[in-house]
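Student: I have a structure to go through and would like to work from the overall fold down to single residues. Can we take it question by question?

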Amino acid sequence: MTGKRLLLVLLCVASLLCAGCELVTEEPKRNVHFVGVGLSYKLSSGTAGSGVLIPVGTESGTVLPSCLNDVANVYARFSTRGYDSFTSYSGDSSLTYITDANGTIDSYSLCVSALDSVASTAKDSDLTIFYYSGHGYGDGSLALTDGTTRTVPGNTYVMGKLLGIDTLLAKLSAIAGDKLVVMDSCYSGSLAEEWADHSSEGLERFFASHGSSNIYVLTASAADEKSFCNSEYGFFTHTVTSLLADNSRIAFSDLYAAVSEYFADQIFEEYGILHEMHPTSNTSVPLDLLV
């Protein structure tokens, strides 16, 4: 009898162990997708002219050599953070991000295609990082390029093509998982202004338009402000990459707080006019992200 009871106990223990094995699942693998855009708006060597011509109102923007360094530095900081995988997208497989370093390119199509590619593969456990360094239009639109040039009296420009905030948010919302958006461009705060009042109504408006996806936005300036750079880097991007270099892991909210604190006392002069930069974020989202 004792032997039978012992056998019964062993069978029960074995059954429980098997059941327990079925309940234990591995943590989902967190792939990290990177879409980075950095545009200098400089024509290829030997071609006269420089800058970008924005089609709306035929406004022009200067050459921004620092943007090429910006996107390279951001990519380097994220690619060394121990992620399971780090996938980059570009029209040219030899590139790891979208730049115009080799001449005029259709950065608009490359950017949209890259975001669509991520949307077709990203899983709920993934993180997608979108970074932009370049000119921003007055409503916050990204001043991308269409791969053509236009000559006007005195200069030849690369032709701009605006990627609107609504289009960008729609593309990001179509991507599963978390999205980290870092923007170093003038008026980039327009991307986060849905949360400017830090109210539940603001969140409801955004989610009604773009879905309840996890989007973490950090921009160089407020919606009505410019962002500033020198010939080597954007001041906002340099601050972000320095913080990432000093912290192997940092919460998104802490990153935003540190960047905001740094710029609280920074004054920039342009044409004799003093300017401030106020980095913005959608910090009212009740979530946090470790980067």
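This is a predicted model: local features need pLDDT of at least 70, side-chain atom pairs count only at pLDDT 80 or more; totals for chains, interfaces and linings use all residues.

Student: What share of the contacts with a separation of 6 or more is between residues 24 or more positions apart?
Tutor: Buried residues make up 46% of the 291 residues in the chain. For the contacts in the chain with a separation of 6 or more, the share from residues 24 or more positions apart is 76%.

Student: How much of the accessible surface belongs to carbon and sulfur atoms?
Tutor: The chain has an accessible surface of about 14,200 Å². The part that belongs to carbon and sulfur atoms is 53%.

Student: Which span should helix α7 have, and how far apart are its end C-alpha atoms?
Tutor: Helix α7 covers residues 252-263, which is 12 residues. At 1.5 Å a residue the helix should span 16 Å. The distance in the model agrees with this, the end C-alpha atoms being 17 Å apart.

Student: Where on helix α7 do its buried residues fall?
Tutor: The buried residues of α7 are F252, L255, V259 and F263. In an α-helix there are 3.6 residues a turn, so residues three or four places apart point the same way. Seen down the axis of α7, the buried residues fall within an arc of 60 degrees, so they line one face of the helix.

Student: Which elements cover the buried residues of α7?
Tutor: One helix is included in the cover, α6 (235-246). The strands included are β9 (178-184), β10 (214-219), β11 (267-270) and β13 (280-281).

Student: Is Y216 buried or exposed, and what is its relative accessible area?
Tutor: Y216 is found in strand β10. Buried means under 20% relative accessible area. Y216 is therefore buried, its value being 4%.

Student: What volume has the largest cavity, and which residues line it?
Tutor: A search of the whole structure finds one cavity of 30 Å³ or more. The largest cavity has a volume of about 40 Å³. Its lining is Y41, K42, D100, G103, T104, I105, T145 and V158.

Student: Y41 and Y187 each have a positive phi without being a glycine; which of them counts as buried and which as partly exposed?
Tutor: Phi is about 60 degrees at Y41 and about 60 degrees at Y187. Y41 lies in the loop between β1 (31-38) and β2 (52-54), whereas Y187 is in the loop between β9 and α5 (200-210). At 0% relative accessibility Y41 counts as buried; at 22%, Y187 counts as partly exposed.

Student: Which residues are closest to the centre of the largest pocket?
Tutor: The largest pocket has a volume of about 570 Å³. Elements that give two or more residues to its lining are β3 (59-61), α2 (66-79) and β11. Of the 27 lining residues, the closest to the centre are T62, H135, C186, S227 and E270.

Student: Where is H135, and which residues does it touch?
Tutor: H135 is in the loop between β6 (127-133) and β7 (142-152). H135 is buried, with a relative accessible area of 13%. Not counting residues up to four places away in sequence, H135 touches Y41, V52, G61, T62, L64, S141, L142, A143 and S185.

Conventions
Residues are numbered from 1 along each chain as its sequence is written. Side-chain values use heavy atoms; hydrogens and water are left out. Buried means under 20% relative accessible area, exposed over 50%, partly exposed in between (1.4 Å probe, protein chains only). Contact means heavy atoms within 4.5 Å. Accessible areas come from the Shrake-Rupley method with a 1.4 Å probe; for residues, only the protein chains shown count as cover. Helices (H or I, at least four residues) and strands (E, at least two) are DSSP runs, numbered from the N terminus. The expected span of a helix is 1.5 Å times one less than its number of residues. The arc is that of the directions from the helix axis to the C-beta atoms. On a 1 Å grid over the protein atoms alone, a cavity is a set of points where a 1.4 Å probe fits but cannot get out, and a pocket is an open set with protein on both sides within 12 Å along at least five of seven lines; lining residues have an atom within 4 Å of a point. Grid points are joined across faces, edges and corners, and a volume is the space filled by probe spheres set on the points.
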